[in-house]
Amino acid sequence: MSRHGRGTDRVPARPRRSPRAARPAPKVAFVLSGGGNQGIAQVGQLRALVEAGIRPDVIVGCSVGALNGAALAYAPNLTGVARLANVWCSLTGNEVFPGSRLSRAWNVVRRGTHLFTSDGLQLVIREATPARSFADLTIPLRVIAADLDSGEEVVFARGPLEPALLASAALPGVFPIVAHDRRRLVDGGIIDSVPLWHSLCGPVDVVYVLNVSAGAASREFRSPLDVVMASFAHSRNLRFEIEKRFVPDGVRILELPRPDDRRDLFDFSGGEAIIDEAYELARDYLAGTSAGDAARAANSDSLRRLRLRLPARRSRPEPLSAAG
């Protein structure tokens, strides 16, 4: 009864649902390729994606792309990108590839399995992210490696993070084979440097591809490793092109442009300029996509245009023992 005693109260009308609220948010995946020192371009690409308010539901990475992906998966914000930029811009070739030319020649003469130790890679992994386990990550991460004995592709999504990242970047003959998960593992790039297919295994609507591996084929050949990387680049690009042909209907594949980086494998100079160029290319590309426009509109109140400020270089931790 109404408080005036004149019949029942009027049933309130149901609130109308906003068409935008009723529409589920698209599922987004980031795919980060391998590419050695050219992986620094992914830092600028990630910055553009983060500034545009585009947040992934899953990150899939191979080799250096797995390392960059792990850093973003731990801190999916501009602070995480700035930390990653600082790591890259403080790197030198001697840190990643330790040892003199004489020691490298000796490794070949003594018929060892690798030219360099993995100490430099381990230091980079530790500086890029404090995460020690996949469980420490904010965003799910898939890391691609290769089983040296069977030749099969191996995907890591749980357990300790460091050995998975180390295995994914263990370029055969260059870095030591990684013993992990009862396997002998090497760089996943020998099988699948742009692991697009793994981003399609779950529900996904948009895949942003950060492919910097194609640039290896355009380098000048200054060392035997440049020839190796160029050879890998051709086979990797072929698989990527094949995988794109079988993308399910309704899934958008957006490939971010990359800067022209012709540095040799040992050259880590000029990092800030490459990051800035990659950022500008990706920012302009996203501005021309409807996905980027929608993300910016939805996040316009929270976005801030920040230039990455690189803090002073930190002292490096002591080298770790080799995994496995």
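These are my notebook entries on a predicted model of one protein chain.

**Ground rules.** I number residues from 1 along each chain as its sequence is written, and I use heavy atoms for side-chain values, leaving out hydrogens and water. For local features I need pLDDT of at least 70, and I count side-chain atom pairs only at pLDDT 80 or more, while totals for chains, interfaces and linings use all residues.

**Whole chain.** I looked up the secondary structure and found 13 helices and 8 strands; these are DSSP runs numbered from the N terminus, helices being H or I of at least four residues and strands E of at least two. Of the 324 residues, 49% are buried (under 20% relative accessible area, with exposed over 50% and partly exposed in between; 1.4 Å probe, protein chains only). I put the accessible surface at about 16,500 Å², with 53% belonging to carbon and sulfur atoms (Shrake-Rupley method, 1.4 Å probe; for residues, only the protein chains shown count as cover). I then took contacts (heavy atoms within 4.5 Å) between residues at least 6 apart in sequence, and 77% of them join residues at least 24 apart.

**Helices α2 and α3.** I describe two packed helices by the angle between their axes and the distance between the axes. For α2 (residues 41-51) and α3 (residues 64-74) I noted an angle of about 35 degrees and axes 11 Å apart. The axes are lines fitted to C-alpha atoms, for helices over the stretch in contact, and angles run from 0 to 180 degrees between N-to-C directions. Q42, L46 and V50 of α2 meet V64, G65, N68 and L72 of α3. I sorted the residues of this contact into 4 nonpolar, 3 polar and no charged; Ala, Val, Leu, Ile, Met, Phe, Trp, Tyr, Cys and Pro count as nonpolar, Asp, Glu, Lys and Arg as charged, and the others, Gly among them, as polar.

**Burial of α3 and α7.** In α3, 10 of the 11 residues are buried, so the helix is largely enclosed by the rest of the structure. Among the buried residues of α3 are A66, L67, G69 and A73. I found α7 largely enclosed as well, because 8 of its 10 residues are buried, including G120, Q122 and E127. The cover over the buried residues of α7 includes α3, α4 (78-89), α5 (93-96) and α8 (161-168).

**T129.** I placed T129 in the loop between α7 (119-128) and β3 (141-147). T129 is buried, at 1% relative accessible area. Leaving out residues up to four places away in sequence, T129 touches A70, A71, Y74, R83 and L161. A polar atom of the T129 side chain lies 3.1 Å from the backbone nitrogen of A131.

**D181, R182 and D187.** D181 and R182 are both in the loop between β5 (178-180) and β6. I read a positive phi near 55 degrees for D181 and about 60 degrees for R182, neither being a glycine. D181 is partly exposed at 43%, whereas R182 is exposed at 83%. D187 belongs to β6 (residues 183-187) and is buried at 6% relative accessibility. Beyond four places in sequence, I listed contacts of D187 that include C62, S63, A146 and P172.

**L238.** I located L238 in α11 (residues 224-245), exposed at 53% relative accessibility. Its C-alpha is 9.9 Å from that of D192, 46 residues apart along the chain.

Notes: A polar contact is a pair of N or O atoms within 3.5 Å; within protein, one must be able to donate a hydrogen and the other to accept it, and residues adjacent in sequence count only if both atoms are side-chain atoms.
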